[in-house]
Amino acid sequence: MEKKRVSLEGKKVIMVPYMEAHVPKYHEWMQHPALLQATASEPLTLQQEFQMQLTWTQDPNKQTFIVLDREMVVGEFIHGDPHVEAMVGDVNLYMNNFDDPNMAEIEIMIAEPKSRGKGLGKESVLLMMAFAVESLGIHIFRAKIGESNGASLTLFRKLGFEEASYSEIFKEVTLELQVTKPKHEELLHLLGNVVTHA
């Protein structure tokens, strides 16, 4: 299945496919111990990061977008242009639950400290969920968040996610959201206000 390369334009964020041009800045972010811990990631070399970007774009069970802060986009937004100057984070979807193909794990990272607390994470998660429901047939979302990551826990709970389990070993909370008919309509309404570029 060929993955569609789309960008999603919201009010505060523009979400673009993860491109090669994004890798150096992404790699820079992933040198920060706090971000590595929050994302449960291992540090990679720049070469490994380029390789990772390639596998991400080709893997049909992963969907990733780089989050751009609309206010930081220089000039007019052009689909296909990486707009590295406006990169503030990423949002990912893993569709690797083969028992339930309608379930996906979602995660958000706003890496730039100056861009936190502005609602960019919330809009990014909602756009990704709307896209996943409409384009990928996802109906259950799951988020695994370290218990010390208060900002993420608060964000997902505000979006209606509820605690499903807790891992004592990983000190991780698993939150879930079942997309009900009203939630589906709310997400579709949101997507209706979004400019999609294919």
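1. The largest pocket comes first. Its lining holds 47 residues, and Ala 38, Thr 39, Ile 108, Met 109 and Asn 149 lie nearest its centre. A pocket here is an open set of points on a 1 Å grid over the protein atoms alone, where a 1.4 Å probe fits, with protein on both sides within 12 Å along at least five of seven lines; lining residues have an atom within 4 Å of a point. The elements that give two or more residues to this lining are helices H2 (33–38), H3 (46–58), H4 (120–136) and H5 (150–158), with strands E4 (87–94), E5 (103–110) and E6 (140–146). Helices (H or I, at least four residues) and strands (E, at least two) are DSSP runs, numbered from the N terminus.

2. A word on the basis. This is a predicted model: local features need pLDDT of at least 70 and side-chain atom pairs count only at pLDDT 80 or more, while totals for chains, interfaces and linings use all residues. Residues are numbered from 1 along each chain as its sequence is written, and side-chain values use heavy atoms, with hydrogens and water left out.

3. The volume of the largest pocket is about 1400 Å³. That is the space filled by probe spheres set on the points, with grid points joined across faces, edges and corners. The lining residues divide into 21 nonpolar, 14 polar and 12 charged. Ala, Val, Leu, Ile, Met, Phe, Trp, Tyr, Cys and Pro count as nonpolar; Asp, Glu, Lys and Arg as charged; the others, Gly among them, as polar.

4. Now the whole chain. The protein chain has 6 helices and 9 strands. Its radius of gyration is 16 Å, close to the 16 Å that the globule rule gives for 198 residues, so the chain is as compact as a globular protein of that length. The radius is taken over C-alpha atoms, and the rule is 2.2 Å times the number of residues to the power 0.38. Along its principal axes, the C-alpha trace spans about 40 × 40 × 35 Å.

5. Of the 198 residues in the protein chain, 45% are buried. Buried means under 20% relative accessible area, exposed over 50%, and partly exposed in between (1.4 Å probe, protein chains only). Among contacts between residues at least 6 apart in sequence, 65% join residues at least 24 apart. Contact means heavy atoms within 4.5 Å.

6. Leu 126 is in helix H4. Leu 126 counts as buried because its relative accessibility is 14%. Beyond its neighbours within four places in sequence, Leu 126 is in contact with Leu 159, Leu 187 and Leu 190. Leu 46 is in helix H3. With 37% relative accessibility, Leu 46 counts as partly exposed. Not counting residues up to four places away in sequence, Leu 46 touches Val 23, Pro 24 and His 27.

7. Next, the loop between E5 and H4, where Glu 112 lies. Glu 112 is buried, at a relative accessible area of 13%. Leaving aside neighbours within four places in sequence, its contacts are Lys 25, Trp 29, Met 87 and Val 88.

8. Check the backbone at two loop residues. His 83 is not a glycine, yet has a positive phi of about 45 degrees. His 83 sits in the loop between strand E3 (62–69) and E4, and counts as buried at 3% relative accessibility. Lys 171, not a glycine either, has a positive phi of about 50 degrees. Lys 171 is in the loop between strand E7 (162–167) and strand E8 (172–178), and counts as partly exposed at 36%.
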